[in-house]
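Let's learn to read a protein model together, one feature at a time. Keep the picture open as we talk.

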Amino acid sequence: MALEDESKETEVKEKPSTGDKIADLPGVGEKTAEKMREAGYTDPMAIAAASAGELSAACGIGGDTANKIIAGARERMQMGFETASSVLKKRTDIGKITTGSKTLDEMLGGGVETRAILEAHGAFGSSKCVSKDTPVIFFNDEHFHFQTMEEIYNIYGQGNEKQYDGGLVVPVKNIKLLSLTERGISKAKASAIFKQKVSELENIMTKRGADLKITLTHKLLTVNKMGMIWKPANLLKKGDCIAIPKSCDFGSDSKIDAEDAYFLGFFVAEGTSNPLSICTSDTAIKKHIVRYIKKRFGFKARVRKDSRNNTYVILIRNAVKPLLGKLADSNSETKFVPESVFTANKDVVSSFLRGYIDGDGCIGKLEVTMTTKSKTLSSHLSYLLRKLGINSSIRVHHGYGKYRENKYYTVSVVGTDRERIANIVGMNYKTVNSFYGYPSGILEFLRKLYRESVGGSKGNFRKRLGKRSLGENRAYRVLSRNTECTLNEKTFCNIVNIFIKCKEDLKKAKGYATRFEQLSKEDLKILNSLIPFSYRRAALNVGVPYSTAGNYFWRGFPKSNESQNIVLKIKNALLKETERRLKKLDLGLSVCKNIHNLSWDVIERKKTIRYNDFVYDFIVPKWHSFVGGWAPIILHNTQLGFQLAVNVQLPKEKGGLGGKALFIDTEGTFRPQRIIDMAEGMGLDPKKALDNVLFARAYNSDHQVLLVEKSEDIIKKEGVRLLIVDSLTSAFRSDYTGRGTLANRQQKLNRHLHKLQRLADVYNLAIYVTNQVMARPDILFGDPTTPIGGHILGHQATFRLYLRKSKAEKRIAKLIDSPSLPESETVFKVTKEGIRDM
């Protein structure tokens, strides 16, 4: 057999040189060498740095053969122990790239080294802030509060302010906010409140009536075809979807019962403070309120009838004021929802809403609407509905004629959310429309997941999609047509269930594929029905003709040696494609779960406005987000990379390496104009400088890993001497959310870092990566941040640099880890021309 012949080659200890570095390795014949070159193993160093499992899977060879080849490559490369003198001699060809700052170069031992990874991280920018009038729900010693950011800062900032990152910060204790955590929307501790002055804000208005005023770099959670990402406000556009809480838990400590809640809800809708009374035109409600007051407070309320408008006025005594609290002194423009209702259980909340709707609501066939003149109350009602998992929309209305300046607000429940409010209003809604469902960004993601994981309409998937009729099968329309629409909850869940069932089929198919050479004709037919891609096309991709693959399918496998090699090729192709699609489905279903755990709004209008006032931000360690706004919304170190991309092009005598830069951008921060500015500052031709920076945008962690793996050919062809990844961990954090995915994320990141280090070693590259950070909950000043990536990144990075912003252009750099240099700190400045000494 051919496989036996090739295995015999591995027993030959020495063989004459052919001039081919790969074919000369022990255990490698012509066929194996060809497979290895096709898999990207083109030199002994690449083989020596590989693991036996990687080499075996990529080239379709046995594990023992892979071990022998790797051992031969390592012996050829003299990768065993050597003297320190020999290592020192090898380091003479290490290059260094100037940063543009002499003091920073000195701290790094002369510049950014080749054959090393320099990781730079810095604190989250303080510019991720909201306007002063943004309301936030917070808990102080578990007491519920709803106040604006400015009011909160003024309460806690008296005498406690400290200078921090171009603004002021106030440490806080015992404050909790609603934050997006691994458990969903839940309470999280805040460590400080920050404020600074800015000149401009982004004003974002949404389909549901949210009106956000946030800084240009403040990130909101959105979804596009690549998945869920945190995106700066200035990069969002009309039609983008943004995350809103699906439900908000304010606690369930009921200090009042359902009857109290109904009375409070009706009073908020129809009560007045002077005189203290409630008005209604409904006789049944009048009788109910009178009976409640008699039972609860022990007196019979007086009732006056106004014959002019046929209403009843129920007069209330002071005995009711302890229950009403500050509501007893409120008017139509200052009404609010009491704390006792927010923190009550869902039955009590439902009773309050029922009372309010009976007083000032409208129950229609298409929507349920609550009306008020109080902006605060409209926001409170929206948050209260969210506690029941009900989405609502807030609209502002103006009067007519001379009453034009008068405002009133409506809080509306429409679409599928009417079904959730049905038990409160006593209507039996059956909803088919999805005006406020899952928007177009989520549809794009589902369609991309469908194309990449399930493919066309083959096998069992065709049956699962059902009829092709667009009128009868919503899932088919969504996945196979690029039409603009929104999804309701039912259709979204149906699509996710289709993906789950297809994943089960692919797992079964993988089981068949692992014993492919042993399959009968009947088993082959089962396998073919399980895979959503063409069996014969998979065979064609590895050089097996359609006709040959078809013959095997219908007639079974011949026993010749040549046929066995072909069968092995088809097996590896099927396994590789099946595993690729399973991986896509695993990641895609994880994103679908996160999408389903949130609700979604859509940007209708966006503009940049002049502000010239203070903005505020809560520092929420670990989670970096909080729920705020009049309608609940989830609110959330590239310069050195640009400079190195320019400086690497300089000749060696000027601090460069005379080479090109490869720039992988994962956050959309690459700006060619900065390359032009810095090139002019270094006396280089801006056009040539741009041409010498090879740019690629990575949209997720898989794409990022693939770009690095495919960069080897570009590095050799283009003379690349610097590889930049900005940022290293952003896509990994987005793709792997929650504690349950941490192990997989870290393993994948570890492999990615080893690939970067191998490129640095083989091609004498400098690797520069930026990194995200998270705030440490125990330390506010000194070093309040921890870089993402954990011990894996900490051990793999050769140098670690901590960058932080100071006043104006000033920046502070601290070398916190190096194999040969002491921990030290220096300052530099960032100007239009680039990085310079102070």
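A: Before we start, one idea about naming: helices and strands are DSSP runs, numbered from the N terminus. Also keep in mind that this is a predicted model.

Q: Thanks! How many helices and strands does the protein have?
A: There are 31 helices and 36 strands.

Q: And what share of the 838 residues counts as buried?
A: Buried means under 20% relative accessible area. Here 52% of the residues fall in that class.

Q: Where is T215 found, and is T215 buried or exposed?
A: T215 sits in the loop between β12 (211-214) and β13 (219-224). With a relative accessible area of 3%, T215 is buried. A polar atom of its side chain lies 2.9 Å from the backbone nitrogen of C129.

Q: What should I know about side chains in a strand?
A: In a regular strand, side chains alternate between the two faces of the sheet. Now look at strand β23 (residues 407-414): six of its eight residues are buried, so the strand is largely enclosed by the rest of the structure.

Q: Which strands pair with β23?
A: Strand β21 (residues 367-372) pairs with β23 in the antiparallel sense, over six bridges. In that pairing, E367 stands opposite V414. Strand β22 (residues 393-398) also pairs with β23 in the antiparallel sense over six bridges, and there S393 stands opposite S412.

Q: Which residues touch the most other members of the largest nonpolar core?
A: That core has 59 residues, and F263, I293, F352 and L353 touch the most other members. Helix α9 (residues 258-270) gives the core its largest share, eight residues. Leaving aside residues up to four places away in sequence, I293 touches F263, G298, F299, A301, I314 and I316. Another core, of 35 residues, lies apart from this one and includes A116, F642, A661 and L722.

Q: How many salt bridges does the structure hold?
A: The structure holds 27. One of them joins E452 and K448, with the closest N and O atoms 2.6 Å apart. Both residues lie in helix α17 (residues 440-454), four residues apart, about one turn of the helix. E452 is partly exposed, at 25% relative accessible area, while K448 counts as buried at 13%.

How values were computed. Residues numbered from 1 in each chain as written. Predicted model: local features only at pLDDT ≥ 70, side-chain atom pairs only at ≥ 80, totals over all residues. Heavy atoms only, no water. Buried < 20%, exposed > 50% of the residue type's maximum accessible area, 1.4 Å probe, protein only. Helix = DSSP H or I, 4+ residues; strand = E, 2+ residues; numbered from the N terminus. Pairing = 2+ DSSP bridges. Polar contact = N/O pair within 3.5 Å; in protein donor to acceptor, adjacent residues only side chain to side chain. Core = buried A, V, L, I, M, F, W, Y, C linked by side-chain atoms within 4.5 Å. Contact = heavy atoms within 4.5 Å. Salt bridge = Lys/Arg side-chain N within 4 Å of Asp/Glu carboxyl O.
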